[in-house]
Amino acid sequence: MRSFGRLPCVAVTLISLTGMAAAADIRVLSVGAVQNAVRALAADFGAETGHHVVLTFGSPVVVTQKIKDGEVFDAVIVSEPAMDRLDQDGVVNPESRVPLAKTGMGVAMRAGAPLPDLSTPEAFKQALLAAKSVVHGDPTLPNQSGEKAERILTQAGILDALKRRLKIVPAQAASQDMIAKGEVEMGLYNVSEIPEGKGLTLAGPVPAPLQLTTSYEGALMSDGSEPQAARAFIRFLANLDARAKWIAARLEPLGDRR
């Protein structure tokens with residue numbers, strides 16, 4: 001089992017993508033909020049370098065548990081607060097941390113349903129108060145959308161008014177299926193995790209100043225076996241050319257802005 005004590009940093013050499021002699025299998029553990037962009041960029045990276053990126057996605061809780069269970073990966077992509085914890089525990093190479101992208105919260109509804117006005121805080125509050133039911137994830141789980149959803153509803157002053165119509169469903173796929181089937185009218189999720197084409201539509205983002213965002217970072221694992229190739233992949237994700245893929249996946253890129 002991986003120790004969570006401070007581990008020595010992995011020494012890595014700065015090399016270009018074209019300078020790698022042999023193709024490598026790069027094992028990357030990532031939270032699901034960024035998966036659409038990361039999948040697309042991993043395919044681009046593989047085509048350009050010949051390396052094979054083996055992606056494992058999960059909720060923040062699943063990602064944390066895999067690390068605690070001692071599963072070995074070369075790189076990890078998690079929220080900034082979660083990365084801070086991994087950094088403190090010696091699980092990642094601190095100097096390898098790279099900001100990648102951020103996403104805010106949005107309202108999901110059944111595809112084809114009339115979309116409410118969400119353009120202002122007051123309009124947002126009225127739309128949710130008019131909904132027959134609202135669903136979000138478990139607010140007790142750190143670094144997940146349920147926690148942010150409860151904070152938004154509290155900040156908007158409507159949490160108590162919604163309690164009888166509020167459903168807490170930890171499994172995101174299950175709660176989104178409820179919306180698609182018309183069993184729940186609205187849901188609050190990360191904008192990047194509201195899929196189109198699966199019976200759902202993005203009604204709109206939570207308006208400022210109620211909006212809460214989550215920033216994601218990539219870093220090398222301290223005990224990975226492919227530090228050079230993994231570093232190149234993380235930097236590839238933050239490259240200026242990667243911005244379009246992040247934006248297409250409803251995330252705001254935080255990498256190279258030149």
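Modeller: Let us begin with asparagine 143, which is partly exposed at a relative accessible area of 30%. Here buried means under 20% relative accessible area, exposed means over 50%, and partly exposed is in between, using a 1.4 Å probe and protein chains only. Please keep in mind that this is a predicted model, where local features need pLDDT of at least 70 and side-chain atom pairs count only at pLDDT 80 or more, while totals for chains, interfaces and linings use all residues. Residues are numbered from 1 along each chain as its sequence is written, and side-chain values use heavy atoms, leaving out hydrogens and water.

Asparagine 143 sits in the loop between strand E6 (134-136) and helix H5 (145-156). Helices (H or I, at least four residues) and strands (E, at least two) are DSSP runs, numbered from the N terminus. Its phi is positive, about 65°, although asparagine 143 is not a glycine. Most residues other than glycine have a negative phi, and most peptide bonds are trans.

Serine 145 is buried, with a relative accessible area of 8%. Setting aside neighbours within four places in sequence, serine 145 is in contact (heavy atoms within 4.5 Å) with Met105, Gln172, Leu188, Tyr189 and Asn190.

A positive phi turns up at arginine 250 too, near 65°, and that residue is not a glycine either. Arginine 250 lies in the loop between helix H9 (243-248) and strand E11, and is partly exposed at 26% relative accessible area. Strand E11 (residues 252-253) pairs with strand E4 in the antiparallel sense over 2 bridges; two strands count as paired if DSSP finds at least two bridges between them. Within that pairing, alanine 101 has proline 253 of E11 as its bridge partner.

Strand E4 (residues 98-103) leads us on to strand E10 (residues 214-220), since the two pair in the antiparallel sense over 5 bridges. Proline 99 faces glutamate 217 in E10, and alanine 101 stands opposite tyrosine 216. Tyrosine 216 is also the bridge partner of serine 79. Strand E3 (residues 75-79) joins E10 through 5 bridges, again antiparallel.

How many residues of E10 are buried? The count is 7 of the 7, so E10 is largely enclosed by the rest of the structure. Both faces are covered, with Thr214, Tyr216, Gly218 and Leu220 buried on one side and Ser215, Glu217 and Ala219 buried on the other. In the loop between strand E9 (200-205) and E10 you will find proline 209. The peptide bond from alanine 208 to proline 209 is cis, with omega near 5°.

Finally, step back to the whole chain. Its secondary structure comes to 9 helices and 11 strands, and 49% of its 258 residues count as buried. Among contacts between residues at least 6 apart in sequence, 80% join residues at least 24 apart. The C-alpha trace spans about 60 × 35 × 30 Å along its principal axes. A compact globule of 258 residues would have a radius of gyration near 18 Å, and the chain's 19 Å agrees with that; the radius is taken over C-alpha atoms, and the globule rule is 2.2 Å times the number of residues to the power 0.38.
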